[in-house]
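Trainee: Could you take me through this structure, giving the general idea behind each feature before turning to the case at hand?
Mentor: Gladly; let us look at the structure before discussing it.

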Amino acid sequence: MEYFGKAYHGWQRQPNALSVQEVIEQSLGTLLQQKTEIIGAGRTDSGVHARQIFAHFDAEAELEEAFIFRMNSLLPKDISAK
């Protein structure tokens, strides 16, 4: 993943602030049609950007070849899957 973090309060999900993790999980939930939690291999603070950060999630279904393309079509322009 990579993101421009200006609009987010860091990577990690927070109860009263928008996070990168929350946005990615919402997009994954839409794409996979089930609640999907991710685990990031690191964190960033509020407003910080990331060029390369890794995240893991478990899915019951096999991911299709167009998964990254479809994921990026659901994510806002300041977050992208690689």
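Mentor: A word on terms comes first: helices are DSSP runs of H or I with at least four residues, and strands are E runs of at least two, both numbered from the N terminus. Please also keep in mind that this is a predicted model.

Trainee: How much space lies in the largest pocket, and which residues are the closest to its centre?
Mentor: The largest pocket holds about 260 Å³, and of its 15 lining residues M1, A55, I68, A81 and K82 are the closest to the centre. Two or more lining residues come from each of α1, β3 (55-56) and α2, with α2 giving the largest share, 3 residues. In this lining 12 residues are nonpolar, 2 are polar and 1 is charged.

Trainee: How should I read a nonpolar core, and which residues have the most contacts inside the largest one?
Mentor: The general idea is that, in soluble globular proteins, nonpolar side chains tend to be buried together. Here the largest nonpolar core has 17 residues, and I24 and I79 are those with the most contacts inside it. Both α1 (20-32) and α2 (67-74) supply at least two residues of this core, and the largest share, 5 residues, comes from α1. Leaving aside neighbours within four places in sequence, I79 is in contact with M1, E2, Y3, Y8, V20, V23, I24 and N72.

Trainee: What is there to notice about the phi of Q33, and where is this residue placed?
Mentor: Most residues other than glycine have a negative phi. Q33, although not a glycine, has a positive phi of about 60 degrees, and its place is in the loop between α1 and β2 (39-40).

Trainee: Is Q33 buried or exposed?
Mentor: Exposed means a relative accessible area over 50%, and Q33 has 72%, so it counts as exposed.

Trainee: Finally, which feature does UniProt place at residues 2-51?
Mentor: The unreviewed UniProt entry places "domain: Pseudouridine synthase I TruA alpha/beta" there. In the model, the end C-alpha atoms of residues 2-51 lie 5 Å apart, and the span is 26% helix and 8% strand.

Definitions and conventions:
Residues numbered from 1 in each chain as written. Predicted model: local features only at pLDDT ≥ 70, side-chain atom pairs only at ≥ 80, totals over all residues. Heavy atoms only, no water. UniProt positions renumbered as here; feature names shortened; annotations may be inferred. Core = buried A, V, L, I, M, F, W, Y, C linked by side-chain atoms within 4.5 Å. Buried < 20%, exposed > 50% of the residue type's maximum accessible area, 1.4 Å probe, protein only. Contact = heavy atoms within 4.5 Å. 1 Å grid on protein atoms, 1.4 Å probe; cavity = no way out; pocket = protein on both sides within 12 Å on 5 of 7 lines; lining within 4 Å. Points joined across faces, edges and corners; volume = space filled by probe spheres on them. Nonpolar A, V, L, I, M, F, W, Y, C, P; charged D, E, K, R; others polar.
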